[in-house]
Amino acid sequence: MKLTSITINNLFSYNGKQEIPFSPITCIIGSNGFGKTSILNAIKLGLGHHNGALESILNNNAKEPYCSISLVFDIFTIKREWNFLDNIEESLLIKFTDTEDKDLEGAEAEHFIENKIPKFLIDFLFYDGEVGSNLFLLSQTKLKNLFDYVFDLDLLDYVYKDSLQVAKNLLAQNSDEESIKLTQFEKERFELMQKIEDDTESLRSKKKNYKANQLNIQKLDTQIRNRNRKIKELHKKQDTKIQELQNLSAKFKELILFELPLLLNPTLFKGLKSRSHSPLSLNDEQLFNNNFKRFLEEIGTSLALEDALSAFKSLMLTESSTIELSLSKKEFKKLLEEMKNLQYEIKQINLKIQESETNAMEKEITRSLIEDRDDKIAKLQEEEQTILDLENSLENDKERLKEINKNLSLLFKENQDKYAFVKGYEELLEVSNVAQKVYKEELSEKLEIFNKTLAKNTTSFLKQYKHIKKIYIDEKHRIVISDGEKILDTELLSAGQKQVLNFLIVKSILEYKEFASFVMVDTPFGRLSNANKKLLLEECYLQFENLILLLTDSEFEFVKSQSLKYTTYQITRNELGSQIEVAS
């Protein structure tokens, strides 16, 4: 969509008919007060976007009580006229170029303009650098409305608000005691269902994060242990000795422990070889089995109960005269000595590890790692408690939900007429909830895309300032400026910086929306350094297929210094008003 020309007739400061055809770059030059901003206001008026009184739009020196504005676009022309003969009469006509579409008038024409060029974007397409199109001055509500429109989220927002309002209205119409009781149950049920869904998702995320943190701690442990080759080798040797000790301990626990009475009492062992009956007898086998099971649990054996009982009974509860021990007393003593020696070796290796780690440099290097690990362990313990609390909360909520469902079923059986009302109320809440959820998801995704566009467009500008690292739009629709760590107050920006950033955001909006191929800018270079003038011209204005600049003489001097091909018009003044002429 391109604006190819405009014709102003007796509007504002302009006397008579003034036509301006637009080139790819058009410069309209005029001193302050000569009528540059009147061109912007005339165009906005033609698009139905003017806040002033219509009584003041007619030029004071007009020969006839008529005024009009024609906006010629590449595929249609908008013409709006005013007759001041008696009461003010306004007419609107839209004609289409090279198509069979019929002309539009009145309300149809207004609707067409609103769809084609929404009022929301008029201030950005016809941009006045001095006035309220400054995004930094907009309220958060207005910024939200703007970005909801840009991201096509306004419909979702309406669905969320409207369905919630209809649910409230439905509730107000059914305010008897029984209905209130039902809706309270239903509201609690709905909130619980949502809470359970949110908490389940949160629990899944926290458990995933917990596992990741566990892995990080393991990595830190490895880093601490492997600080140098010597310590690494000592740890390796220690691990080997520990494994040997564990193997011997397992052998001791799982086999030898049941032979101890015979190994430690030679007289008993010798006497048993000529026995004619079992050395032990059981009066209460169940009691013995229970005690024996408890004994196995205390020593931590990996043997199954039946295997351990079989080993014990083969020694102490058998009628056989043959007793086979797994090792001799001498071998048993040797085993104990080996275990004792291994424990001593492990202790000595551990002392060497500690000694190596207390070396001044090594100690300093590892201290940071150990502190980091300990801090992560403390946080991991907090996460573990949070997960436990969340699991308990989920369990309680599910039980409460079962109870509410049961109560609702009983109440509905007693009064079937209330069912439709409550289900309708519930479904409206669900629609509202889903719309809000989808809105947040869509906003997050589209903000990510938009902020990438904004980051690209602001790169050159931000390179000039060390204290500004990033500008983005957050999920509360705020314009955020950051130094990389903290958010900066936008009041710290100069008026010139705001002007450049403002248009960079506008450019990003128009690019994201793929909305227009033209832009008209009033006061484009006020309060700007030469670097920012060049940046604004090259990286913003010249990116549009058609650019219309409203300039003072001094601003035009800058444009002339650039290698550009443009058409120039001059605004002059006489006793009747402003005139537009092709500049020589």
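## A nonpolar patch at helix H5

Helix H5 (residues 154-173) supplies 3 residues, the largest share of a nonpolar patch, where helices (H or I, at least four residues) and strands (E, at least two) are DSSP runs numbered from the N terminus. This is a predicted model, in which local features need pLDDT of at least 70 and side-chain atom pairs count only at pLDDT 80 or more, whereas totals for chains, interfaces and linings use all residues. Residues are numbered from 1 along each chain as its sequence is written, and side-chain values use heavy atoms, with hydrogens and water left out.

The patch lies on the surface and is formed by Leu155, Tyr158, Val159 and Val431, which together have about 380 Å² of accessible area; such areas come from the Shrake-Rupley method with a 1.4 Å probe, and for residues only the protein chains shown count as cover. Patches are made of residues with over 30% relative accessible area and no salt bridge, with like charges joined within 9 Å and nonpolar side chains (Val, Leu, Ile, Met, Phe, Trp, Tyr) within 5 Å. A salt bridge here is a side-chain nitrogen of Lys or Arg within 4 Å of a carboxyl oxygen of Asp or Glu. Valine 159 is located in helix H5 and counts as partly exposed because its relative accessibility is 32%, the class that falls between buried (under 20% relative accessible area) and exposed (over 50%), with a 1.4 Å probe and protein chains only.

## The enclosed strand S13

Strand S13 (residues 546-551) is largely enclosed by the rest of the structure, because 6 of its 6 residues are buried. Asn546, Ile548 and Leu550 point one way from S13, while Leu547, Leu549 and Leu551 point the other way, and all are buried.

Strand S3 (residues 25-29) runs parallel to S13 and is joined to it by 5 bridges, with isoleucine 28 having leucine 550 as its bridge partner in S13; two strands pair if DSSP finds at least two bridges between them. Strand S12 (residues 518-522) is likewise parallel to S13 and joined to it by 5 bridges, and there methionine 520 has isoleucine 548 as its partner.

Threonine 458, in helix H14 (residues 417-462), counts as buried because its relative accessibility is 1%. Apart from neighbours within four places in sequence, threonine 458 is in contact (heavy atoms within 4.5 Å) with Ile471, Leu501 and Leu504.

Isoleucine 471 stands opposite isoleucine 481 in S10, and 4 bridges join S9 to strand S10 (residues 479-482) in an antiparallel arrangement.
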